[in-house]
Amino acid sequence: MVSKALLRLVSAVNRRRMKLLLGIALLAYVASVWGNFVNMSFLLNRSIQENSELKIESRIEEIVEPLREKIRDLEKSFTQKYPPVKFLSEKDRKRILITGGAGFVGSHLTDKLMMDGHEVTVVDNFFTGRKRNVEHWIGHENFELINHDVVEPLYIEVDQIYHLASPASPPNYMYNPIKTLKTNTIGTLNMLGLAKRVGARLLLASTSEVYGDPEVHPQSEDYWGHVNPIGPRACYDEGKRVAETMCYAYMKQEGVEVRVARIFNTFGPRMHMNDGRVVSNFILQALQGEPLTVYGSGSQTRAFQYVSDLVNGLVALMNSNVSSPVNLGNPEEHTILEFAQLIKNLVGSGSEIQFLSEAQDDPQKRKPDIKKAKLMLGWEPVVPLEEGLNKAIHYFRKELEYQANNQYIPKPKPARIKKGRTRHN
Ligand SMILES: O=C(O)[C@H]1O[C@H](OP(=O)(O)OP(=O)(O)OC[C@H]2O[C@@H](n3ccc(=O)[nH]c3=O)[C@H](O)[C@@H]2O)[C@H](O)[C@@H](O)[C@@H]1O
């Protein structure tokens with residue numbers, strides 16, 4: 001009896017223990033499944049989180065990189081090195097306006113006046129001028145660049161005005177004759193009006209073209225010229241002639257101080273690749289192994305001056321007391337054919353010479369008489385032709401490389417008038 005009762009007691013205890021053990025095992029199982037689940041979802045969450053963090057990081061990088069680049073550019077512009085500039089006292093420093101200051105001649109004049117220590121304001125409508133020509137001054141405290149067309153009035157305070165704004169290459173000025181006329185007439189009136197208002201001295205960049213196809217050789221300042229008033233060049237030739245007339249009307253009637261430079265053929269770095277004048281055309285053609293295009297027989301003559309000589313002449317004239325017109329040019333005269341051969345040799349090019357039809361009203365002979373400039377300004381050109389040409393060749397070689405890297409090589413422009421509607425009226 002006792003033993004049975006004992007057995008029952010033991011088995012009851014075991015059952016309870018078994019139940020307890022089973023309960024514990026179940027709990028342990030549930031806990032482990034739960035643990036795995038928590039672990040897995042933790043890992044899953046972490047990878048999702050890491051993934052989206054990566055995405056956010058790369059998005060931030062995308063946004064921030066251009067900003068970083070801007071900061072680098074800004075830092076560069078703060079530390080930009082300008083060409084050396086002289087210090088001028090308040091009394092000697094002038095406020096100078098150069099219209100067409102981003103063009104070929106204008107940008108070299110800008111360099112000289114900036115380096116001499118003056119405050120220079122360049123006004124340009126960028127028809128033939130380019131920002132690249134003056135970009136090395138942008139940000140300098142003495143320099144200002146204004147995108148403005150002189151056909152509209154301009155109100156600024158200046159002491160001197162170099163009025164150069166006008167296309168100067170035949171294909172460019174014939175491209176839109178009405179605009180060329182407006183620039184040289186209304187533009188000059190506006191600048192003379194400004195000179196009158198602020199008491200500034202104005203130098204007009206006139207041209208050897210006022211002598212037209214000359215019947216006097218060489219041309220001195222007292223020659224009145226031989227211009228076809230209705231020919232394709234008239235918009236420029238007559239535009240410049242009336243610009244000279246306006247200068248002397250303002251001088252006589254309003255007491256404006258004027259200077260008139262009659263500029264003969266000029267060449268040098270920063271001529272536009274597409275300029276169309278003979279020097280840039282021949283050099284580009286020779287460098288690219290293309291035929292050198294001679295218009296007519298090539299027996300017509302020109303005398304070429306290097307741009308730095310011209311710039312020195314312009315500054316000397318502006319600061320002189322000579323108010324009558326002065327020729328600025330290099331009297332070394334060559335036929336265009338001789339010139340083609342010289343450029344071919346200097347470039348070392350195998351290009352052929354191709355004779356094309358003659359340009360209408362092309363002056364047959366041109367050579368400046370520069371006695372007046374020598375006597376009254378103490379000025380004469382000093383850069384030998386070949387030295388200047390080598391500099392221009394070096395410049396155009398670099399320009400071709402630059403253009404090739406930018407996938408664009410313009411062909412020299414022929415001196416032909418474009419048909420159809422033109423821009424810039
Ligand atoms: O270079 C300049 O300073 C002058 O250029 C031009 O006068 P132009 O003498 O006709 O200038 P180019 O177009 O360079 O022509 C010079 C001669 O070369 C000839 N030429 C031009 C380009 C060409 O590819 N081939 C060629 O034989 C022309 O027919 C002309 O007889 C402008 O009309 C003047 O205002 C300006 O002062």
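What is the order of the strands in the open sheet of seven strands? The legends below, for a predicted model, begin with this sheet.

View 1. Seven strands form an open sheet in the order β3-β2-β1-β4-β5-β6-β11, and their pairing is parallel. From one strand to the next, the twist averages 20°. Strands of a sheet pair through backbone hydrogen bonds, in either a parallel or an antiparallel manner.

**View 2. The pairing of β1 with β4.** Strand β1 (residues 95-99) is joined to strand β4 (residues 160-163) over four bridges, in the parallel sense. Within this view, Ile98 is found opposite Tyr162 in β4.

**View 3. The shell of residues around the ligand.** The ligand is surrounded by 24 residues, of which Arg233, Val278, Thr293, Arg302 and Asp362 are the closest. Three elements, α3 (170-175), α6 (278-287) and β8 (292-295), each supply at least two residues of the shell.

View 4. The side chain of Arg233 places an N or O atom 2.7 Å from an oxygen atom of the ligand. For Arg366, a polar side-chain atom lies 2.8 Å from a ligand oxygen atom. Thr266 takes part through its backbone, with an N or O atom 3.1 Å from an oxygen atom of the ligand. The ligand taken alone exposes 700 Å², and the protein buries 96% of that area.

View 5. The peptide bond that runs from His217 to Pro218 is cis, and its omega is near -15°. Pro218 is situated in the loop between β5 (201-207) and α5 (234-254).

**View 6. A positive phi at Phe126.** Although Phe126 is not a glycine, its phi is positive, at about 60°. The residue belongs to the loop between β2 (119-124) and β3.

View 7. An unreviewed UniProt entry places the feature "domain: NAD(P)-binding" at residues 97-391. Over residues 97-391, the chain is 37% helix and 18% strand. The end C-alpha atoms of this stretch are 28 Å apart.

Key
Residues are numbered from 1 along each chain as its sequence is written. This is a predicted model: local features need pLDDT of at least 70, side-chain atom pairs count only at pLDDT 80 or more; totals for chains, interfaces and linings use all residues. Side-chain values use heavy atoms; hydrogens and water are left out. UniProt positions are given in the numbering used here, feature names are shortened, and annotations may be inferred rather than shown by experiment. A residue is near a molecule or strand if one of its heavy atoms lies within 4 Å of it. A polar contact is a pair of N or O atoms within 3.5 Å; within protein, one must be able to donate a hydrogen and the other to accept it, and residues adjacent in sequence count only if both atoms are side-chain atoms. Accessible areas come from the Shrake-Rupley method with a 1.4 Å probe; for residues, only the protein chains shown count as cover. Two strands pair if DSSP finds at least two bridges between them. Axes are lines fitted to C-alpha atoms, for helices over the stretch in contact, and angles run from 0 to 180 degrees between N-to-C directions.
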